[in-house]
Amino acid sequence: MSDLLAHVESVWQAVVPDLPGFTVEVLPSIDSTNSELMRRARAGLMEPVLLAAEEQTAGRGRLGKGWHSKAGQSLTFSLALPLAPADWSGLSLAVGVSLAESLHPDVQLKWPNDLWLHQRKLGGILVETASNGLLAGDGTAHQRLVVVGVGINIARPETAAVSALDSPDAVLPAMAPAGLSEVLVGLTAGEVLERVVPTLVRDLLAFESQSFAAFAERFARRDALQGRSVRLSDGTLGTACGVDLQGALLVQTAQGMQAVTSSEVGVRPC
């Protein structure tokens, strides 16, 4: 039995009380766990499911970047569940908060969707949604299926082969990605899956009812960019000053404070 399969039952038992109808699947290889769940959503399958893969051959990161993994070297999974929050803003940040807190005290968050360990990229998050056209129970918002894709390096990738997170940041380009084994020696991908998924489900349900405002202080404690010089995708330079209650990055620039919602952000080299 594979390492991931050995932990499926424990994950399911921990999650199903909070998410009735929840299922867990593990595949030996797939192009992309997010792509597969989005394909299912387009076919009308909107049930809550966790899909993990031993190997991902054509994964996708943010802004179309590649995201690949090898068995035993990293953990890649996607979690799909129907949600109807009043405000979707900051969802990827809330996911990051949940993962970082479950992983290790040294794990930080680089806005908007990266996990950092010791100033190097440890993992990435890709959030997508598909509509099912239904109203939430109180009739106030349309429910959508959210698909949360997560990739975490377990072993530290070799410099020559930027592995599970083959989406190099503009941040510290000379630094190789990090691996969780640097701070949690011997922890397997299956153990990490069991460690993060139940809390992630609970936090996503909390996000649905409370939006990002409930996660803002928790994000601030893990914010890797706070007080750093940053460069936006349009070349604007400034200093990162945290995030607002909608999850926008606040950057103090020569033109004043800007709330950034979509730019790619890199730490300016010193």
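Which residues of strand β7 are buried on one side, and which on the other? Asp114 and Trp116 are buried on one side, Leu115 and Leu117 on the other. Both faces of β7 (residues 114-117) are therefore covered, where buried means under 20% relative accessible area with a 1.4 Å probe, protein chains only.

## Basis of the model

This is a predicted model: local features need pLDDT of at least 70, side-chain atom pairs count only at pLDDT 80 or more, and totals for chains, interfaces and linings use all residues. Residues are numbered from 1 along each chain as its sequence is written, and side-chain values use heavy atoms, with hydrogens and water left out.

Helices (H or I, at least four residues) and strands (E, at least two) are DSSP runs, numbered from the N terminus.

Strand β6 (residues 107-110) runs antiparallel to β7, and four bridges join them. Strands pair if DSSP finds at least two bridges between them. Gln108 has Trp116 of β7 as its bridge partner. Trp116 is also one of the buried residues of β7.

## The five-stranded sheet

Five strands form an open sheet in the order β13-β12-β11-β10-β14, with antiparallel pairing. β13 (256-260) and β14 (265-267) are the edge strands; each has a single partner strand, so one side of each lacks a neighbour in the sheet. From one strand to the next, the twist averages 45°.

Arg231 has Gly266 in β14 as its bridge partner.

## Helix α3 against α4

The axes of α3 (residues 91-103) and α4 (residues 189-210) come within 9 Å and cross at roughly 140°. Axes are lines fitted to C-alpha atoms, for helices over the stretch in contact, and angles run from 0 to 180 degrees between N-to-C directions. The crossing is right-handed, that is, with the near helix turned clockwise from the far one by less than a right angle.

Contact means heavy atoms within 4.5 Å. Residues making it include Leu91, Val95 and Leu99 of α3 and Val196, Leu200 and Phe207 of α4. The contact residues divide into ten nonpolar, three polar and two charged.

## The buried side of α1

Val8, Val11 and Val15 are buried in helix α1 (residues 8-15). They lie on the same side of α1 because they cover an arc of only 70° around the axis. The arc is taken from the directions from the helix axis to the C-beta atoms. Among the elements covering the buried residues of α1 are β1 (23-27), β2 (49-53) and α4.

How values were computed:
Ala, Val, Leu, Ile, Met, Phe, Trp, Tyr, Cys and Pro count as nonpolar, Asp, Glu, Lys and Arg as charged, and the others, Gly among them, as polar. Buried means under 20% relative accessible area, exposed over 50%, partly exposed in between (1.4 Å probe, protein chains only).
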